[in-house]
Amino acid sequence: VVASGGGGRSGRKGKKTKRVRDGFLVDVPRIVATDDGSWNISYEEEVERLDVKSALEKYSPRDNNGQQQLIVLCGWMPMGEDWTALMREAGAAEYILIGETDDSNCGHNWKTWGNRDFIDDTDV
């Protein structure tokens with residue numbers, strides 16, 4: 001899960017980075033990469049070891065005034081699991097899912113992708 005909120009991507013956590021764009025000073029979103037480590041992948045960049053629920057709890061919006069916006073980029077959700085409900089519950093403004101869809105190997109075929117061929121009585 002990659003979460004984007006206010007702050008800087010320069011590695012200086014918690015500090016906002018400002019850039020000039022079209023003559024205006026704008027905040028550059030902070031990009032945070034998280035992974036639970038279950039696949040033992042080694043990363044060149046900094047990745048926080050958090051499971052999806054912990055990452056969403058940590059980076060969910062701070063208040064009702066929209067002071068922090070959460071956008072989730074989820075790559076290759078495990079087969080048979082659906083994290084989209086957790087993303088919505090955490091207040092994610094948007095989520096982007098990367099991986100194979102429908103009857104393949106990412107996410108839950110019905111709950112994530114809406115493939116009616118895989119609905120069962122407990123999902124209705």
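Which residues make a nonpolar surface patch of about 360 Å²? The patch is made by Leu73, Trp76, Ile96 and Ile98; patches consist of residues with over 30% relative accessible area and no salt bridge, nonpolar side chains (Val, Leu, Ile, Met, Phe, Trp, Tyr) being joined within 5 Å and like charges within 9 Å. Ile98 belongs to strand 6, residues 94-98, and is partly exposed, with a relative accessible area of 41%. Buried denotes under 20% relative accessible area, exposed over 50%, and partly exposed the range in between (1.4 Å probe, protein chains only).

The model is predicted, with local features requiring pLDDT of at least 70 and side-chain atom pairs counting only at pLDDT 80 or more, whereas totals for chains, interfaces and linings use all residues. Residues are numbered from 1 along each chain as its sequence is written, and side-chain values use heavy atoms, with hydrogens and water left out.

The chain contains 2 helices and 6 strands, arranged along the sequence in the pattern β-β-β-β-α-β-α-β. These elements are DSSP runs numbered from the N terminus, helices (H or I) having at least four residues and strands (E) at least two. Of the 124 residues, 31% count as buried. The accessible surface of the chain comes to about 8700 Å², of which carbon and sulfur atoms hold 47%; accessible areas come from the Shrake-Rupley method with a 1.4 Å probe, and for residues only the protein chains shown count as cover.

The largest nonpolar core has 14 residues, and those touching the most other members are Leu56, Leu70, Val72, Cys74, Trp83 and Met87. Helix 1 and strand 5 (71-75) are the elements that give two or more residues to this core, and the largest share, 4 residues, comes from helix 1. Such a core is a set of buried Ala, Val, Leu, Ile, Met, Phe, Trp, Tyr and Cys residues joined through side-chain atoms within 4.5 Å. Leu56 is in contact (heavy atoms within 4.5 Å) with Leu70, Val72, Leu86, Met87 and Ala90, residues up to four places away in sequence not being counted.

Two salt bridges are present, each a side-chain nitrogen of Lys or Arg within 4 Å of a carboxyl oxygen of Asp or Glu. Asp35 pairs with Arg49, the closest N and O atoms being 3.3 Å apart. Because Asp35 lies in strand 3 (residues 24-35) and Arg49 in strand 4 (residues 48-49), this pair ties together parts 14 residues apart in sequence. Lys58 and Glu48 form a salt bridge at 2.7 Å, N to O. Lys58 lies in helix 1 (residues 52-59) and Glu48 in strand 4, so parts 10 residues apart in sequence are tied together. Lys58 is partly exposed at 40%, whereas Glu48 is buried at 13% relative accessibility.
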